[in-house]
Amino acid sequence: MNVHSTSRNFKNNAKEQLANADLQAALNKARGHFVDGRSTARDNLPEFDALRDQARDIKNHTLEHLDFYLEAYEEKVQASGGHVHWARTAADAQQIVLDICRSVDAKTVNKGKSMIGEEIEINEALEAAGIRPVETDLGEYIIQLRGERPSHIIAPAVHLTKNQVEQSFRENHTELDPDRVLEEPPTLLDEARTILRKKYFEAEVGITGANLLIAETGSSIIVTNEGNGDLSQLIPKVHIVLASLEKIVPTLEDAATILRVLARSATGQEFSSYTTLSTGPRRAGDPDGPEQYHVILLDNGRTDMLGTEFEEMLRCIRCGACMNHCPVYQSVGGHAYGWVYPGPMGSVLSPGLLGVDEAGHLPNASSFCGRCEEVCPMHIPLPKMMRHWREREFESHLSPGSARVGLGLWAFMARRPRFYQLATGIQMRMLAWMGRRRGRLSSVPLARGWTKYRELPAPQGRTFQSRWKSGERPPMRNGA
Amino acid sequence: MSGKDQILGSLRRSKGRDGPVDAETAAALRARIDGHARNIVPARTDLDAGGLVDLFETMATKVHATVARVSDMADVPGAVSDYLRGENLPSEVVMAPDPSLDAAPWSDNKLLDIRRGVPGEPDQVSITSAPHAVAETGTLAMFSGPDHPSTLNFIPETHVVVLPASRVVKSYEDVWDAVRAQAADGASGRGGLPPRTVNFVTGPSRSGDIEQNQLLGAHGPRRPPIPIAEAH
Amino acid sequence: MSDGPRVALFVTCLVDLFRPSVGFAAVKLMQDAGCTVEVPEAQTCCGQPAFNSGDRKDTITIAKQVIEAFAGYDHVVAPSGSCAGMISKHYPELFADDPEWSARADELAGRTHELVSFLTDVLGVTSVEAAFEGTVTYHDSCSGLRELGIHAQPRGLLDGIEGLHLRELKDANVCCGFGGTFCVKYPDISNNMVSNKMERIVATGAETLLAGDMGCLMNMAGKLQRDGANVRVRHVAEVLAGMGDEPAIGEPQDGQG
């Protein structure tokens, strides 16, 4: 299966997005909301940080014994009348979904938001098979109209202004009165709600993701705010759950711990509007609910991450806090990252799933400010793992040649203090002389990356070490 | 080799194992599942029954649910019809077949036009009960079953939940215990399984997808009002 | 001869090369607090540029050099959160698989500090003698803040300086966009970040910007000057040491040219 990614083109993507006025306006609006939300939620729950520690420990324990828990889970799903399908690759997962859809002659599939769905490009596969996927999450619905991919793992349309949404609705909802007033978000929401409401009753199959899978009961949990994921699984005949392997936790209590930090980290809510536990198909005597329940467990590179320095990435619960706090993401938005997972978590995960060749830019485009790790509810050491990707690139000679040469030269000097001091002493005195009149330099050979946007402050003159060696000392304290 | 074998094989190799975990480890893991120990439960729930009901009301109101307290089940139908009238909502309602709702004298209220059963697309108002309400975050917990079609929680735009005060519990963990109790109850006719669907509902449906404006009522109910009956 | 602690100054490459006055300010502050300060000759850099570029081999070589050069002192102090963080947090990581060097790295890490937090948290300094007239705002450098917990300490000392009015910087804890090689590898993104930072700085109305890391300071000073903003930029050590009236970063040195 050919994965469609433009991560290779990150630098140019970023440049484009920095110049994208709509995106910058949208990001400015969204930024404070998520940051303040999380901060307030944390202040309102004294146990928050202790819960994060427990959540991390639960996931570590689970990953250590992942095979046991997956098999225990499968047993329970089957006992409740559901089916578990194991998909090694994205192509395998696509095939399984198509087979299930064909078995019930599905014409339309309703979709709740699923990042795994994006990862395996399930919409494209359904369309190619003549089955119509309908996105029911408002943000996903909007970007489906625009033919775009989500730019954030929680808020798929965060890159759009309301004017852009209005434009898309006008272009696509052509059966409605073109003169209608459609400016404000509530009217936009009402329109989408009305249109989607009919569609809920039309689909034969509903596909959702899963925030958690629970080994104890063979259940899946979705965490939403709209209720679309619930309508998508309760009304159609078939409910398909797409979940990657690492979504599993041992017990319901473990799930509750993670749920307590999930919504708070994501949007600042204490609990999402709808958190739903689903176990198998409807029971005998149930008046509603799906007749079939299928869970597709996706590997697609996760088992290869286990046992490596990237294993900790598998603790991720997809809250989005990292990207909400990342100054790089907040500058360029999610589309610049070129694939399904943006921001810090995408910068660690994407090279693992796509390969360093394809996604190598992402872990490099970080100043290592550390805010992501600071807010991660699962204590994932994101900067450390980005550095590990840089190490892998360096070892395989994938870093750009000029950078290697520059670094090699600098390291050569740094290992030889006397030579370093001599060479830098000369350079600094020269730069100081060049910048003596204004105290700074606007253009310096080999430093275009810096001087494109900034002045370079001129060195004061002789280096500290040289002045200290000559006996220069700071003024003593009065009377000392 | 099946997908399952491939995946488990790759997983075990990555973990440095030839095969599944040894018998001792498996027993310990099984015990961990069966023990389902609680992790930290926030101290804000350390309240008596009355305190929990108050906490529930405070938390539910914070997330824009409408909470009305009535002193007796007898007052519930009136409270519901008053609310619907005040909000200019239709008085045709679809109600869960739940026998616990029968404790309220619905037929005495001539304003409400009640049908018991599963909602359809035209239904605008639903009435259900809830077996539990979690004080910790103002969250209702509803179980699917013959008495309670889950679609009642989502299809109509207005969802009224009649909640006897005695059903307020501290935390989600208390709901899990009830889920397990149902599964363990062979006589319940539920096949030794948990409810198919457990819905935790906290406030009305919302979406932040348009410029992060918090809009209430995206797909599910716009507002779940929750009259609490004190009597039970 | 002082009975106080024997401290080795880790100069840091940017202070050494671009702004020695910060080094002298650091020495003065520690001497005033009763330390004997020496400057080991065989020092160049903490190795962070190599470390963050994925060049573990060179990082290890340089780190070993640092460990050897700074052996035997009571404390090692750097006027930089990122260099102090490199030594105290990342050196142990680097040598995790090497028992001999691991012990030495741990030992060095345990006695390596950033300058301001060394003064307040280790030496118990609560005020400085310096005077400074004017409004000041303070940027929290990322490593210092998140790796070393430096936040209250510089503010506490600045607060006590007569004539100095500290205005809090909105988003003080958001990265300025320096990030070492990041700012030259991804200049467009870095520029966006430093532009946002500049807006925040200018919005405080402060005359002077202070921080504890030369990388951040040069980045912000360079941007403020390119865009013609009227804010002077200094290292916090200079103000604390009473050297706050010397030419600021990016200003011409007296008597030259």
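Q: Why does B:His36 count as partly exposed?
A: In this predicted model, B:His36 has 17 C-beta neighbours inside 10 Å. A residue is buried at 20 or more such neighbours and exposed at 12 or fewer. The count of 17 lies in between, and B:His36 is therefore partly exposed.

Q: Where is B:His36 placed, and what is its phi?
A: B:His36 is in the loop between H2 and helix H3 (49-62) of chain B. Its phi is positive, about 25°, although B:His36 is not a glycine. Most residues other than glycine have a negative phi.

Q: What makes C:Thr12 count as buried?
A: C:Thr12 has 29 C-beta neighbours inside 10 Å. The cut-off for a buried residue is 20 or more, so C:Thr12 meets it. C:Thr12 belongs to the loop between strand E1 (6-9) and helix H1 (13-18) of chain C. Phi of C:Thr12 is also positive, near 80°, in a residue other than glycine.

Q: Why is chain C called as compact as a globular protein of its length?
A: Chain C has 13 helices and 8 strands. Its radius of gyration is 18 Å, and the globule rule gives 18 Å for 257 residues; the two values are close, so chain C is as compact as a globular protein of that length. The C-alpha atoms of chain C fill a box of roughly 50 × 50 × 40 Å along the principal axes. Of its 257 residues, 60% count as buried.

Q: What is the corresponding description of chain B?
A: Chain B comes to 5 helices and 12 strands. Its C-alpha atoms fill a box of roughly 70 × 40 × 40 Å, taken along the principal axes. Buried residues make up 47% of the 232 residues in chain B. Of the contacts in chain B with a separation of 6 or more, 71% join residues 24 or more positions apart.

Q: How do you know that chain B and chain C do not touch?
A: The nearest C-alpha atoms of chain B and chain C are 19 Å apart. A contact requires C-beta atoms within 7 Å, and chains B and C do not touch. Among the 2 pairs of chains that touch, the most contacts are between chains A and B.

Q: What makes up the side of chain B that touches chain A?
A: 64 residues of chain B are in contact with 77 residues of chain A. Elements of chain B that each supply at least two residues to this side include helix H1 (3-14), helix H2 (23-35) and strand E9 (197-201). H1(B) gives the most, with 9 residues. By class, this side of chain B has 26 nonpolar, 26 polar and 12 charged residues.

Q: How do you know that strand E9 of chain A and E9(B) are paired?
A: Two strands pair if at least two bridges are found between them. Strand E9 (residues 274-278) of chain A and E9(B) are joined by 5 bridges, so they meet this condition. The two strands run antiparallel, with A:Thr275 opposite B:Phe200.

Q: Why are strand E1 (83-87) and strand E3 (132-135) of chain A called edge strands?
A: In chain A, 6 strands form an open sheet with parallel pairing, in the order E1-E10-E7-E4-E2-E3. Strands E1 and E3 of chain A each pair on one side only. Neighbouring strands of this sheet are turned by 25° against each other on average, direction ignored.

Note on methods:
Residues numbered from 1 in each chain as written. Chains lettered and ligands numbered in written order. Predicted model: local features only at pLDDT ≥ 70, side-chain atom pairs only at ≥ 80, totals over all residues. Helix = DSSP H or I, 4+ residues; strand = E, 2+ residues; numbered from the N terminus. Nonpolar A, V, L, I, M, F, W, Y, C, P; charged D, E, K, R; others polar. Rg over C-alpha atoms; globule rule 2.2 N^0.38 Å. Axes fitted to C-alpha atoms, helices over the stretch in contact; angles between N-to-C directions.
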